[in-house]
Amino acid sequence: MKKIVVEGLKYRYPLTQDLALKGISFEIEQGEFVGIIGQNLSGKSTLCQALMGLVPHFYKGGYGGSVLVDGLNVERSEICELAQKVGLVFQNPFTQVSGSKMTVFEELAFGLENLGVARDQMKPRIESAMALLGISRFSQRNPFDLSGGQMQRMAIASVIAMEPEIIVLDEPTSQLDPQGSEEVFQAIQQLSKNGMTVIMVEHKIEKIARYSDRVMLLHQGAIVDFDTPERIFSRDDLADYGIEAPVFARVCRGLGIRNPASGLYPMTLDDAYDQVVNWHE
Amino acid sequence: MKALSLYQDKGTFIHRVDSRSKLLYILAAILIPAVLHGFTVGLVLMALSLFLLVVAKVIRKVIPLVGFSFLILISVVVIQGLFYPGNRHVWFALGGLRFYQEGLVFSAGICVRVLNILCAVSILVLTTRPSDLIESLVRLGLSPHLGYVLSSVLQIIPQMTSTMETITDAQRSRGMETEGSLLVRIKAFLPLIGPVVMNSLVNTRERSLALEVRAFSSRAKKTFLNPPPGGMVNQVLPIVLLLAMVAAVVWRVLQ
Amino acid sequence: MKNSMWSLKLSTSALVLIPAAVGINYIGKLFAGLLKLPLWLDAIGTVLSAMLAGPVVGALCGAINNIIYGLTMDPISFIYALTSIGIGLAVGVMAQKGRINSFTSVIVVGLVAACVATVISTPINIGFWGGQTGNVWGDLVYAAIIAHHFPVWIASLVDEFIVDVPDKIATVIVAYGIFKGLPQKLTILFRHDNQTEQL
């Protein structure tokens, strides 16, 4: 079932001349894990916000083409409607804290109160979101008293509590330390296993290669390629787009080891291990 | 990070009374003495407020609150005692200065009024959690958006204050002069205030985006995580207070 | 659809601006105290928010500033919310009409703000304190004036005015300085006339 359908999406921010998105088209299935990669200013964040309606409704500017999210046309829907279908998590854990609630539990209720969810439904939703993200033990703490990784997980939980079926994450671990990053990736992987459609922008290529069903490569506001990680990272022109392949793929490329079945370079440690072992035999 | 609040958690009966009643009490404390002239009414109400503050075990915390106004009240007593336009009868003299009865009586009236209001407001401020107060206001009809703004101010101010302390220390260690002539001090103002201000403003865009993602602009009827405050007292008390105010007005009209 | 400057429908950005502006008010007041400047400087945020987003936001910022200050420090602030609201409205209207564009105009706006503050605060001062303002220098002037048998309202007005003029002019100057230094990407968020264009 097609969860997201984007056709000819164009966007120009106010006060600028150039298009940030130059006519993008793609489809995403339910339950897919899509990684988005590209240099800075390639349009990744803009695309994330376009899936949520922030582009164009928050910024205004110039908009063309269409984005259909679970049947809703983004341009003709309001952000609050879309918030029940799609969740968006940003880089900075600190600015995603609402600032009006004194405990983590209440913080998660914020979105639910805005949506007018009935009180007896709030508690179960919040508790399951906290459990999913592993932050139940912080339930009564002040949101600002958490570490970066914990705050980011709280941001994800706040979005999950609103029960969207799609979650978009825009560089969720850029401002976190290694431990925090790992905690967040584990959580995202769990969400994906539970059937959520996940779209993640990341610079940590190894993670993208490991978790994604498909990877979208963006460059200067246009899609260069949208395919499985193996095909994308086996491309010879990645450097032109400011991307480096995952380390295992690079090693295997250097050694000339390909997966004989697909003719592509291995992406993960396990695959590479298998191929190196085979190569030696 | 401790949010900005004077709330004292003492668990008394007064703490359990909801904000609506306390707000009505403040209104009554202002209205009734204004409608019924005379010292006695103001003094009685002030005594009542002080009594309630003792019951709520927060009486000691009233002192800093009153402290703000204390100096002004002293200056009012002095200046009115000396110069009040209606001064006729000298009450006493102090080192060549003559203090008049009319002025002192007038300033006493001001003191009673100010202290009365301060005590009534203290009951609200010292025995109610700000978040509960704001939630009560939203239940009474305040826009939830404004309720959000009020709540977030309480958390943002301690954060900005602590950032300010960090920046002040940093700037001082870079050799910035913060003491000396007026010009030196004026010159220090902008470099100190600049970074904190910029930081808080730049974040507004990201904050707004994050709020939108949490359906902040939704026009659905907002619900509350917490159940509404119930209880007999909270039903009866507002009515009692309203009746008291009406009674005062009626009494005055009939005089 | 253009929103008029009096629209009560506030964007999320405007609502997020208000706490930041109230915070700036606090910081201004703290720094003025720290540096022992003879000014209050407790309305920089209110004036700045009025310049950025218009009279409604400026007025709200002023009101909320006094409400929060009243709840957390000094209950008497509640009453003077009216003054803060007046300042926010005055500066907001002048900003939206494009009147704030040069150093001289900034001084003028400061003066207007001082007048508005005086006109609103004086009745409050008279009704509440008998005409004084709580500022040492101003109250001394007040005492001198009524000692010479001038009416109370004149004494009170002058007291408030001489305290407000330097303070409000300095406040508007600082707020304008900050306003000019903000990136356009930020200031555009608060404008009322944005539209989505079709491509």
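Entry 1. Strands (E, at least two residues) and helices (H or I, at least four) are DSSP runs, numbered from the N terminus.

Entry 2. I noted the provenance. The model is predicted, local features need pLDDT of at least 70, side-chain atom pairs count only at pLDDT 80 or more, and totals for chains, interfaces and linings use all residues. Residues are numbered from 1 along each chain as its sequence is written, while chains are lettered from A and ligands numbered from 1 in the order in which they are written.

Entry 3. I examined the contact of chains C and A, where contact means C-beta atoms, placed from the backbone, within 7 Å. Eight residues of chain C and 10 residues of chain A take part. S1(C), residues 196-198, gives the largest share of the chain C side, three residues.

Entry 4. I turned to chain B and found 42 residues of chain C in contact with 54 residues of chain B. On the chain C side, two or more residues come from each of helices H1 (12-34), H3 (55-72), H6 (136-147) and H7 (152-180). H1(C) provides the largest share, 16 residues.

Conventions: Two residues are in contact if their C-beta atoms, placed from the backbone, lie within 7 Å.
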